[in-house]
Amino acid sequence: MRARLVECALAVFAERGVGASVIQEVIATAEVSQGTFYNYFRTNEELLIAVAEELSNELIDNIEAVVHRHQDPALRLAIGLRLYLHRARQFPLFARFIVGAAFHLASPNNLMYEYVPAHLEAGVQSGRFRALPIELAIDLIGGFALAAIARLATGEAPADYPEQVAAALLVALGLSPKQAEATARAPLERLAVADDSLISRATARAAVASADPA
């Protein structure tokens, strides 16, 4: 039931914006009672944070399983960022929600704060990255990703925009432009999207809702 509510909320937030009060619409979309809803979430803000955490963490977990195979920390970060951005291009609903949710993604429960620091520290220790305060480096990555997703959401970014962004980030972290370009253009593994993933379910639900003449 909780998964169903989060799924419905993602579709509604992406359509109406994260500033909208969506509880009643989510209750109607999920076809549950108010009592059932409030067994899981008490406020609109609590629902929004849950959606942001689950959507982001589901993708980050999938990405980490791919990037963990590589030894080079710069390559791990570049591939991770590219996979994240390509997912935003593949799923416009995901992109709209991420852009709207913005700082709600900066939750202590976001897996970015578990995985990314290790890659950054490994990059500094190996000499690939220059030493930066870890908080600053994470904010740099988050800022690059958010701005890039906003650009992708317009539908006007070039096909290799994720690679351009990854190269620019690597330069900011200390790689030379030539090293950054080569690393950002490395072969990219395909990231499978499970049919039962949150983004797949929410996208399918939103498609059905938009096709409903009622």
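## Chatting through the pocket and its surroundings

Trainee: Hi! What volume does the largest pocket have?

Mentor: The largest pocket has a volume of about 620 Å³. Keep in mind that this is a predicted model.

Trainee: Which residues are closest to the centre of that pocket?

Mentor: Those are Tyr84, Met112, Ile141, Gly142 and Ala145, out of 29 residues that line the largest pocket.

Trainee: And which helices supply at least two residues of the lining?

Mentor: Helix H4 (44–67), helix H5 (73–90), helix H7 (112–125) and H8 each do that. H8 gives the largest share, with eight residues.

Trainee: How does the lining split by class?

Mentor: The lining of the largest pocket has 20 nonpolar residues, six polar ones and three charged ones.

Trainee: Let's pick out isoleucine 141. Which helix is it in?

Mentor: Isoleucine 141 sits in helix H8, which covers residues 134–153.

Trainee: Is isoleucine 141 buried or exposed, and why?

Mentor: Isoleucine 141 counts as buried because its relative accessibility is 9%, and the cut-off for buried is under 20%.

Trainee: What does isoleucine 141 touch, leaving out residues up to four places away in sequence?

Mentor: Isoleucine 141 touches Leu77, Met112, Val116, Leu120 and Leu169.

Trainee: Changing topic to helix packing. At what angle do H5 and H7 pack?

Mentor: H5 and H7 pack at an angle of about 145°, and their axes are 8 Å apart. On the H5 side the contact is made by Pro73, Arg76 and Leu77. On the H7 side, Val116, His119, Leu120, Ala122 and Gly123 take part.

Trainee: What classes do the residues of that H5 and H7 contact divide into?

Mentor: Five of the residues in the contact of H5 with H7 are nonpolar, two are polar and one is charged.

Trainee: Now rings! How many aromatic pairs turn up in the whole structure?

Mentor: A search of the whole structure finds four aromatic pairs. In one of them, phenylalanine 37 and phenylalanine 41 are tilted, at 5.9 Å centre to centre with 45° between the planes. Phenylalanine 37 and phenylalanine 41 are both buried.

Trainee: What about tyrosine 84 and phenylalanine 94?

Mentor: Tyrosine 84 and phenylalanine 94 form an edge-to-face pair, 5.6 Å centre to centre and with 65° between the planes. This pair links distant parts of the chain, with tyrosine 84 in helix H5 and phenylalanine 94 in helix H6, 10 residues apart.

Trainee: Why do tyrosine 84 and phenylalanine 94 count as buried?

Mentor: Tyrosine 84 counts as buried because its relative accessibility is 12%. Phenylalanine 94 has a relative accessible area of 1%, so it is buried as well.

Trainee: And which residues do ring pairs link into a cluster?

Mentor: Ring pairs link Phe37, Tyr38 and Phe41 into a cluster.

Trainee: Back to H6. Which of its residues are buried?

Mentor: In helix H6 (residues 92–101), the buried residues are Leu93, Phe94, Ala95, Phe97, Ile98 and Ala101. Alanine 102 follows H6, and its phi is positive, near 40°.

Trainee: Last stop: where are proline 108 and asparagine 110?

Mentor: Proline 108 is in the loop between H6 and H7, and asparagine 110 is found in the loop between H6 and H7 too. Proline 108 is exposed, with a relative accessible area of 77%, whereas asparagine 110 counts as buried at 6% relative accessibility.

Trainee: What does asparagine 110 touch, again without residues up to four places away in sequence?

Mentor: Asparagine 110 touches Ser56, Asn57, Ile60 and Leu105. Proline 108 and glutamate 53 are 9.3 Å apart in space, C-alpha to C-alpha, and 55 residues apart in sequence.

Technical notes: Residues are numbered from 1 along each chain as its sequence is written. This is a predicted model: local features need pLDDT of at least 70, side-chain atom pairs count only at pLDDT 80 or more; totals for chains, interfaces and linings use all residues. Side-chain values use heavy atoms; hydrogens and water are left out. Buried means under 20% relative accessible area, exposed over 50%, partly exposed in between (1.4 Å probe, protein chains only). Helices (H or I, at least four residues) and strands (E, at least two) are DSSP runs, numbered from the N terminus. Contact means heavy atoms within 4.5 Å. On a 1 Å grid over the protein atoms alone, a cavity is a set of points where a 1.4 Å probe fits but cannot get out, and a pocket is an open set with protein on both sides within 12 Å along at least five of seven lines; lining residues have an atom within 4 Å of a point. Grid points are joined across faces, edges and corners, and a volume is the space filled by probe spheres set on the points. Ala, Val, Leu, Ile, Met, Phe, Trp, Tyr, Cys and Pro count as nonpolar, Asp, Glu, Lys and Arg as charged, and the others, Gly among them, as polar. Axes are lines fitted to C-alpha atoms, for helices over the stretch in contact, and angles run from 0 to 180 degrees between N-to-C directions. Rings of Phe, Tyr and Trp (its six-membered ring) pair if their centres lie within 6.5 Å; planes under 30 degrees apart count as stacked, over 60 as edge-to-face and the rest as tilted.
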